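User: I have a structure to go through and I am new to this. Can we look at it together?
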Amino acid sequence: MCLNMQGRALVFLYMFVTVVFYLERKAPVAQIDHEDMVDIIQGESETIEIPDRLPLLPVRDMVVFMYMVLPLFVGRDRSVRAVDAAMAKDRLLLLATQRDSTVENPKRDDIHRVGTVAMILRLLKLPDGRAKLLVQGLARARIVEYAETKPFYQVKIEKLVEEPVGEVSLEVEALMRNVCEQSEKILEFRGELTGEVSAIFHSIDEPTRLADLVASNLKLKTEEAQGLLEVNDPVQKLHRVHELLSKELEVSAMQAKIQSHASEEISKTQREYFLREQMRAIHKELGDVDERAQETLAYSKKIKKAKMPNEAHQAAYEQLRRLEQMHPDAAEASMVRTYLDWLVDVPWSKSSKGVLDVKKAQRVLDGDHFDLKKVKDRVLEYLSVRKLNKDMKGPILCFVGPPGVGKTSLGRSIAKAMNRKFFRISLGGVRDEAEIRGHRRTYIGALPGRIIQGLKRCGTKNPVFMMDEVDKIGADFRGDPAAALLEVLDPEQNVSFTDHYLNLPFDLSRVLFITTANLADSIPAALRDRMEVIELTGYAEEEKLAIAQRFLIPRQIKENGITPKHIRISHGAVGKIISEYTLEAGLRNLEREIAALCRKVARRVAEGEKGPFRITGANIHRYLGVAKYLPDLEQEYHEVGVATGLACTQVGGEVLYVEATTMKGKGDLTLTGQLGEVMQESARAALTYARSHAKTLKIRSNFYQDADIHIHVPAGAVPKDGPSAGVTIATALVSALSGRAVSRDVAMTGEITLRGRVLPVGGLKEKALAALRAKVRKIIIPEKNRQELAEISANIKRKLTFIPVSHMDEVLGLALQPKPRKRQAHHSGSEDVNQAR
C-alpha cells in the first residue's frame, strides 16, 4: 500500500485535529514534538507492504482508526514481546480492542476480530520494563487465524478494502457538509475553532477519510467506535458519524448554556453588590439610616430588653460588632444573626409568677388525679417551703411506675397548680450528647440542646420541665446523654449550665425538673443519685373503677360529641372492662375501651336513634366483642411441684407459676422458660438448699445422683428475670422431691440464700394487686418488707392476708400440704405427679 501526497497531507490533518481533540481530553498526545512529525512524514513517503502475518497488540478502552497518530503505554509481558517482534522486523503490528478492559490476560474470544494495522513511529523503553510507543494507523484488517499464542499473539490477517464510492452524489456531498459544520460548531462551543481547522475540514473530499477523522476524535464508547471501524460502506459510516455528531452537538450546546448561565449569575451578583453599595452611599449622603444600621439598632434594643447577665451581655455586643463589619450576604453573617436571635430569645430574666396558695394547689391536684397522696404531699411541701424561702432551688423529682399510671399528666397538673409553663421532652432512644448540651457553632446547622430550646418555647426561666423515659437513654460513639444530664439535674451545678451552642452559663436552678421512668433499676446510678424517686404503683380494681367514673367516662363522652343523656355505663360494665378487656397496671387500655363504647353510641346517635343507651355487664360484649383476657385464677387443686409466685414487671405485677419435676437421670438440672441469669442463680441456690437440708425436709439425701430435675416457668416466649422468684422456685423444687403438694391459695415472693434466709424484694403493692386479680388470698412476704404494708391501702389489706417470714422453713410450713397417705399415680413418661384435692 503506497501513500501519496494527499496521504501525507492527511497525516498533518490528523495530527492537528487529534492534538486539538486530545487536548480537550487531556491525553498525552499533546506532547508530540516537531521531530515526531518529521519522522512520520518521512516514514509515510515510502511504500509500505503489509504482510499477511503480524504480531497482535490488544489495546484497552480505545479503538484505533486509519491515519490516527497516538501514543500507547505497553506494560503486559506478552504485549512488550509483540512490540519487540515488530521492531525487529518491519515495525508493523495489528492493534485490536479488548471486549472487556478489565481482563488482564485476554484470550482469543476476549479480542475483537477487526482491528487496525499500525506502524511504530517511535519507541521508548522505560526503566520498569514498560514501553512508550508512538503509532499511526495504516489500514483495517480482520483476524483470520491465531498462528501463535506464545510468547505473544501472532495472527494471520485479511486486509479489509472499503467499497468504492465512485462519483460523489449530491446527498453524500450534503452529508459531508453537515458533518463538517457540526464539527465546527462543537469546536466553536469549546473555543477551539480556527480558520485553519475549518479549511482542513472543507478540503477533504473522501467520505471515508472524513468519517475516520471525526470518529477518531469523538468521545465515543468503545463498542460504538468498534462498530464504526467494522463498517465497510463509507456512506453508511458517514451517516453513523453524523448521528453521533448530532448527539455530541446537543451535549456541547447544553454545556455552553450551563456555563453561560453560571456567568450570568456571577455578573448579576456583582451588579447587585455594586448597586447596593451605591444605594448605601446615597442614603449616607441624604442622612437616611440604611438597612444595616437599622438591623444593628434592632439587635441592640433586643439585647437591652433581654436583661442578660454581664457575661452574656458582653458576648452579644461582641457578636453584634462582628456583624457590623461583615458583608450582609456573607455566609458567616447568617450564622451570627442566628446566634444573636437565640441570645435575645432565651428567657434570661423572664419568670412566671407562680401561685404559692397551698390550699388552692391542693384543690387543683385533687381535681385532676385520684389518690396519689404521696406525690401530692411532696408537691405541696415544695410549695410550702418555697412560700417561706423564695431563694429555694427547685427539686429534681423522678416518677417511677408502669405505663398509664399518670406520670406525665401529673406533671401537667403540677404546672397548673403552680401557675407555671409546662414543657415535655422524651429521652427514649436518645443517644447523642448534643441533644442535651447542643452542637458547637462550628458545625453547619448547629442548634442549642433541647433544654435551651424548651426554655425558649416556654418563654420563662422557671417552667415545669418534664423529661419522659429517662430509663431508656442510650449511649454510643456520639457521647452519653445520661452523663450530660448530670449537670442539668444537679442543683449544685445547674446554676451555671453551659450549652455548647450558646457557650454561656445559664441558671437552671429555678426550673422544676420532673423525670419519669418505668423501672428505677435502668437509670444510671449517678443520675439516680441526683433525683428524688417517687414510685407510682398500679391501681387496684376499685381505684380504676372510681377513676373511670370520675375522670375517664366524662372525658370520653365530651370528646366523642355525646352527652350523659345518651349513654349510661353501669359499675358492672366498667368492672367487666377492667377484668376481661384490659390487663394492665395503668389506665390507658381502660380509657381506649371506654372510648370505643362512646364511639359506637355516637354512631347510633348520628344515625338518628334516641337514647339513652344503657351498657351493663350483661350486654358489654355487644359493644366490645368477646373478652380479650381471662384472669389467671388460683390453682384448681393442691398440686405437687407447682408453686405460685409474684413478679413485678414494667406493666405492673404479674402472677408467675413455677413448675418442677424429677425423672430418672444423672443429677442434671434443666432450666427452661427463658430465665435470666438472676433466676438461674436462684434455681441453683434452691437446689443447694434442698441438698443441704435433705434430712430436715424428709427427702432422699442422694436424690441428685440418680434423678434429673427440670424447672420450668410457663410462657416460654417471654423473657423473665429478677430477684423475687427464689422462694417460689425452692418451694416448687422441695414439693417435687418430697411429694408434698403446694397449697393452691398461697402466693409468695422473696429471694433465698444458701442457708435458707428470705431476703426482701421490691414492688410489694404491684404484686399484691396481681394476687387480687388471680383470686389468691394469702401472700408470703419477707419479714423485712413488713414495714411496706403501711403504704398499702386498707382496702387491699382487707382482701389479702400478708404473712411475713424470715426463713425458708417457715415458707415450706405454710405452703406445703401434709403428705397424703394414698397417692394417685399419673404416668406420662416421667415420675409420678401427686395431686391432692
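Analyst: What follows is a short talk through some local features of this model, which is a predicted one.

User: Let's begin with helices. At what angle do α12 and α14 cross?

Analyst: The axes of α12, residues 358-368, and α14, residues 407-418, cross at roughly 150°. They come within 8 Å of each other. Angles over 145 degrees count as roughly antiparallel, so α12 is roughly antiparallel to α14.

User: And which hand does the crossing of α12 and α14 have, left or right?

Analyst: The crossing of α12 and α14 is right-handed.

User: Which residues meet there, in α12 and in α14?

Analyst: On the α12 side they are A361, V364, L365 and D368. On the α14 side they are S413, I414, K416 and A417. Sorted by class, this contact has 5 nonpolar residues, 1 polar residue and 2 charged residues.

User: Where is R91?

Analyst: R91 sits in the loop between α3 (77-88) and β3 (92-97). Its relative accessibility is 36%, so R91 counts as partly exposed.

User: And where is N419?

Analyst: N419 is in the loop between α14 and β8 (422-426). That is the α14 whose axis comes within 8 Å of the α12 axis. With 45% relative accessibility, N419 counts as partly exposed.

User: OK, aromatics. How many aromatic pairs are there?

Analyst: The count comes to 6 aromatic pairs. One of them is W348 with F506. Their ring centres are 5.2 Å apart and their planes are at 50°, so this pair is tilted.

User: What parts does the W348 and F506 pair tie together?

Analyst: W348 lies in the loop between α11 (331-345) and α12, and F506 lies in strand β11, residues 505-506. The pair therefore ties together parts that are 158 residues apart in sequence.

User: Are W348 and F506 buried or exposed?

Analyst: Both W348 and F506 are buried. Another pair is F703 with Y704, where the ring centres are 5.8 Å apart and the planes are at 85°, so that pair is edge-to-face.

User: How accessible are F703 and Y704?

Analyst: F703 has 3% relative accessibility, so it counts as buried. Y704 has a relative accessible area of 29%, so it is partly exposed.

User: Which residues form an aromatic cluster?

Analyst: F423, F465 and F513 form one aromatic cluster.

User: Last one. What is L737 in contact with?

Analyst: Leaving aside neighbours within four places in sequence, L737 is in contact with T662, A690, I699, F703 and I709. F703 in that list also pairs its ring with Y704. L737 itself lies in helix α25, residues 726-738.

User: And how far is L737 from K698?

Analyst: L737 and K698 are 39 residues apart in sequence. In space they are 9.2 Å apart, C-alpha to C-alpha.

Methods:
Residues are numbered from 1 along each chain as its sequence is written. This is a predicted model: local features need pLDDT of at least 70, side-chain atom pairs count only at pLDDT 80 or more; totals for chains, interfaces and linings use all residues. Side-chain values use heavy atoms; hydrogens and water are left out. Axes are lines fitted to C-alpha atoms, for helices over the stretch in contact, and angles run from 0 to 180 degrees between N-to-C directions. Helices (H or I, at least four residues) and strands (E, at least two) are DSSP runs, numbered from the N terminus. Angles under 35 degrees count as roughly parallel, over 145 as roughly antiparallel, 65 to 115 as roughly perpendicular and the rest as oblique. A crossing is left-handed if the near helix is turned anticlockwise from the far one by less than a right angle, and right-handed if clockwise. Contact means heavy atoms within 4.5 Å. Ala, Val, Leu, Ile, Met, Phe, Trp, Tyr, Cys and Pro count as nonpolar, Asp, Glu, Lys and Arg as charged, and the others, Gly among them, as polar. Buried means under 20% relative accessible area, exposed over 50%, partly exposed in between (1.4 Å probe, protein chains only). Rings of Phe, Tyr and Trp (its six-membered ring) pair if their centres lie within 6.5 Å; planes under 30 degrees apart count as stacked, over 60 as edge-to-face and the rest as tilted.
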